[in-house]
Amino acid sequence: MTKWEYSVAPVLNHAAAQILNNFGQDGWELVTLVPGQGGNDIAYFKRPVE
């Protein structure tokens with residue numbers, strides 16, 4: 001069975017692509033993106049534990 005670890009991070013709208021790409025390069029998969037306060041979104045990521 002796959003075991004997962006999770007991360008939650010703010011995504012600044014002016015740098016969203018760069019932030020998401022950085023997480024992706026580290027092996028994180030975006031699970032969902034929800035609206036946050038102040039116009040910035042909150043990203044939830046997961047990746048398998050090795």
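Among contacts in the protein chain between residues at least 6 apart in sequence, what share joins residues at least 24 apart? The share is 47%, where contact means heavy atoms within 4.5 Å.

This is a predicted model, in which local features need pLDDT of at least 70, side-chain atom pairs count only at pLDDT 80 or more, and totals for chains, interfaces and linings use all residues. Residues are numbered from 1 along each chain as its sequence is written, and side-chain values use heavy atoms, with hydrogens and water left out.

**View 1**
Start with the big picture: the protein chain holds 1 helix and 3 strands, and from the N terminus on they run β-α-β-β. Both kinds of element are DSSP runs numbered from the N terminus, with helices being H or I of at least four residues and strands being E of at least two. The C-alpha atoms fill a box of roughly 40 × 20 × 10 Å, taken along the principal axes. Of the 50 residues, 18% count as buried; that means under 20% relative accessible area, while exposed is over 50% and partly exposed lies in between (1.4 Å probe, protein chains only).

**View 2. The sheet, strand by strand.**
Here the 3 strands form an open sheet in the order β1-β3-β2, with antiparallel pairing. On the edges sit β1 (4-11) and β2 (29-35), each pairing on one side only. Neighbouring strands are turned by 20 degrees against each other on average, direction ignored. Two strands pair if DSSP finds at least two bridges between them; β1 and β3 (residues 41-48) have 8, and β2 and β3 have 6.

**View 3. Partners along β3.**
Zoom in on who faces whom. W4 has P48 in β3 as its bridge partner, and E5 has R47. In the hairpin of β2 and β3, 5 residues lie between the strands, and G38 takes a positive phi near 75 degrees.

**View 4. The helix across the strands.**
Helix α1 (residues 16-25) lies across β1, β2 and β3, running at about 165 degrees to β1. For such angles, axes are lines fitted to C-alpha atoms, for helices over the stretch in contact, and the values run from 0 to 180 degrees between N-to-C directions.

**View 5. The largest nonpolar core.**
Eight residues make up this core: A9, V11, A15, I19, F23, W28, A43 and F45. Such a core is a set of buried Ala, Val, Leu, Ile, Met, Phe, Trp, Tyr and Cys residues joined through side-chain atoms within 4.5 Å. At least two core residues come from each of β1, α1 and β3. Leaving out residues up to four places away in sequence, V11 touches A16, I19, L20, L33, N40, D41 and A43.

**View 6. The pair of F23 and F45.**
The structure holds 1 aromatic pair. F23 and F45 are stacked, at 4.2 Å centre to centre and 5 degrees between the planes. Because F23 lies in helix α1 and F45 in strand β3, the pair ties together parts 22 residues apart in sequence. Rings of Phe, Tyr and Trp (its six-membered ring) pair if their centres lie within 6.5 Å; planes under 30 degrees apart count as stacked, over 60 as edge-to-face and the rest as tilted. Both F23 and F45 are buried.

**View 7. A serine in β1.**
S7 is found in strand β1 and counts as buried because its relative accessibility is 19%. Leaving aside neighbours within four places in sequence, S7 is in contact with F23, W28, A43, Y44 and F45.
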